[in-house]
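Subject: Structure for your review

Dear colleague,

Please find below the structure I am handing over to you, followed by an account of what was found in it.

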Amino acid sequence: MSDPLYELLAPHFDQPSPSTPVPAATDQVTTKYLTRLSTLSLSSLTSQEVQSLAQSSQSTVLSLQSLSSRSHAAIVASSDHFTSLQETLPLLAEEVHTLQNDIPKLDEAAAAFSTTYSRSTENQILDRRKRALLMERNADRLCDILELPTLLSSAISSSAAQGQGASNTTNYATALDLYSHIKRLHLLYSDSPLINSIYAQTESAMQDLTSHLISSLRASNIKLAAGMRTVGWLRRVAPELDATDHQTQNREGLLGYLFLACRLSTLVTTLSALEPLRQLADQETETRLRKASATPKGTTGNGNAWHGGQQTERYLKKYIEIFREQSFSIVSMYKSIFPSGADGSVVDEVQLPFKSLDIKATSVSAGNISKQGRLDAAPSALATLPSHLTDLLFDTLTQYLPNVLDKTSRESLLTQVLYCAGSLGRLGSDFSLMLAMLSPEAESMLDDSDDDGDNSDKDWVEVMKKHRELAGRLEALASGAGTGRGADRGGSLRMKP
């Protein structure tokens, strides 16, 4: 129901326009104002209300002006947006309609995705993603594993550069620890191509380490401690070299053969350094042979007699000295490093070919022969080495000793040889008896150089007696016997018959 006051005032409203529409009777502001008018008196309506409306209108205008001044940009923008809203709303309605039509398709796609990539089913993409995530989580570990061959190669190269030393021992220990770790990884993950590749690189590096250790055994100045350390590292690096050969009963394994081969190579290399002196000795040999061929057989004259041999003497002295030091070092170092390969049975094998004048029969029980075929077993490496060393020495003496005709010089050289035989005799390889087999040509040269040919054999016997007496002294000293135990009345030590 309309307000009577509103109906009374309605004919007096201004003409409506788009900017000033007629206020509605239900408007809250209109209803509030009409309620206020009904409470005023007639005098207030005729006097005060006009002024109040004028003041309110003025205040409203000022407020609108202030608002326009402050927010005219926002009002203009809002007006523009409101104008474009008529075009935007239809487009929004179309998009909403399209979205409603696409929601079923989206639901189907979501259901298909959930079914395809469910954890309960196998999927190659998910497996590949899982592997990628696993690799990302273990990237640091993979980097550490990939660096293992590089670390191993660095440790090996550092040990090769530093030679024999305490720090070198640390490098070898580090290399072996790395190798053990890689080998354990290979056993655990033998199907991994990455681990197989790293293991192949590691095996190559360990072969380099083995080659370096073997070359260390060929060092000219190697000591017993360094040799024992090197053989110990070889046993750990290449355990197959240390395996006992049950067929040949060689308990030192291939390492014994390898050690002797390396040291023998070092001996030959050291002796080859005497090449300049050997060339001079060869020249003297040619000169001697040329003079001997120019001298008719049966001639006793000394016109073409040979009086040289000084260069040969120098060469033989150097040769025998090097041979004595190196051969003693080889055998003694071998027995210290491979005590199992130098037991009593092997010592008997070594001593049999090289007994001195004190020769004793060696009894062999049947139990030591037949059980494991000792007669068919190959001898140990140490059993054949002295024979080879002695052949090497006596080939040189047989070739060059005839050049030395001076008795003093020859006695000095043969004494030096006996010293060498005594050194090896302390290790069970005395070859002094083989001096009697030296070059019959040397004796003939001695006979030709003497004025009295009848006394030449007697002089040679005296020389050999002196040598044998000296060999007896060396043997007595080597066995630890006192100088007075085996002395004869003249104060000299004689060998047992």
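Accessible areas come from the Shrake-Rupley method with a 1.4 Å probe. On that basis, the accessible surface of the protein comes to about 31,400 Å², and carbon and sulfur atoms hold 56% of that surface. Please bear in mind throughout that this is a predicted model.

Overall composition

The protein contains 18 helices and 0 strands. Of its 497 residues, 31% are buried. Among the contacts with a separation of 6 or more, 71% are between residues 24 or more positions apart.

The nonpolar core

The largest nonpolar core has 69 residues. Within this core, L209, F259, L267, Y315, L393 and F431 touch the most other members. Helix α12 gives the most to the core, namely 11 residues. As for Y315, leaving aside residues up to four places away in sequence, this residue touches L274, L277, R278, A281, T396 and Y400.

Aromatic pairs

A pair of aromatic rings is described by the distance of the centres and the angle of the planes. Searching the whole structure gives 6 aromatic pairs. One of these is formed by F259 and Y334, whose ring centres are 6.3 Å apart. F259 and Y334 are both buried.

Y334 also forms a tilted aromatic pair with F338, at 4.9 Å centre to centre and with 40 degrees between the planes. The relative accessibility of Y334 is 0%, so Y334 counts as buried; F338, at 1%, counts as buried as well. Together, F259, Y334 and F338 make up one aromatic cluster.

Helix α2

Which residues of helix α2 are buried? In this helix, which spans residues 28-37, they are T30, L34 and L37. These residues cover an arc of only 55 degrees around the axis, and therefore lie on the same side of α2. An α-helix has 3.6 residues a turn, so residues three or four places apart point the same way. The cover over the buried residues of α2 includes α1 (4-9) and α3 (42-116). On the face turned away from the buried side, α2 carries the exposed residues Q28, V29 and K32. The N-terminal end of α2 is capped by D27, which has a side-chain oxygen 3.3 Å from the backbone nitrogen of V29.

- Q416 is found in helix α16 (residues 407-425). Its relative accessible area is 14%, so Q416 is buried. Not counting residues up to four places away in sequence, Q416 touches K317, I320 and E321.

- T285 is found in helix α11 (residues 275-294). With a relative accessible area of 12%, T285 is buried. Its contacts, again not counting residues up to four places away in sequence, are Q399, Y400 and N403. Y400 is also touched by Y315.

- S211 is found in helix α8 (residues 193-216).

With kind regards

Note on methods: Residues are numbered from 1 along each chain as its sequence is written. This is a predicted model: local features need pLDDT of at least 70, side-chain atom pairs count only at pLDDT 80 or more; totals for chains, interfaces and linings use all residues. Side-chain values use heavy atoms; hydrogens and water are left out. Rings of Phe, Tyr and Trp (its six-membered ring) pair if their centres lie within 6.5 Å; planes under 30 degrees apart count as stacked, over 60 as edge-to-face and the rest as tilted. Buried means under 20% relative accessible area, exposed over 50%, partly exposed in between (1.4 Å probe, protein chains only). Helices (H or I, at least four residues) and strands (E, at least two) are DSSP runs, numbered from the N terminus. The arc is that of the directions from the helix axis to the C-beta atoms. Contact means heavy atoms within 4.5 Å. A polar contact is a pair of N or O atoms within 3.5 Å; within protein, one must be able to donate a hydrogen and the other to accept it, and residues adjacent in sequence count only if both atoms are side-chain atoms. A nonpolar core is a set of buried Ala, Val, Leu, Ile, Met, Phe, Trp, Tyr and Cys residues joined through side-chain atoms within 4.5 Å.
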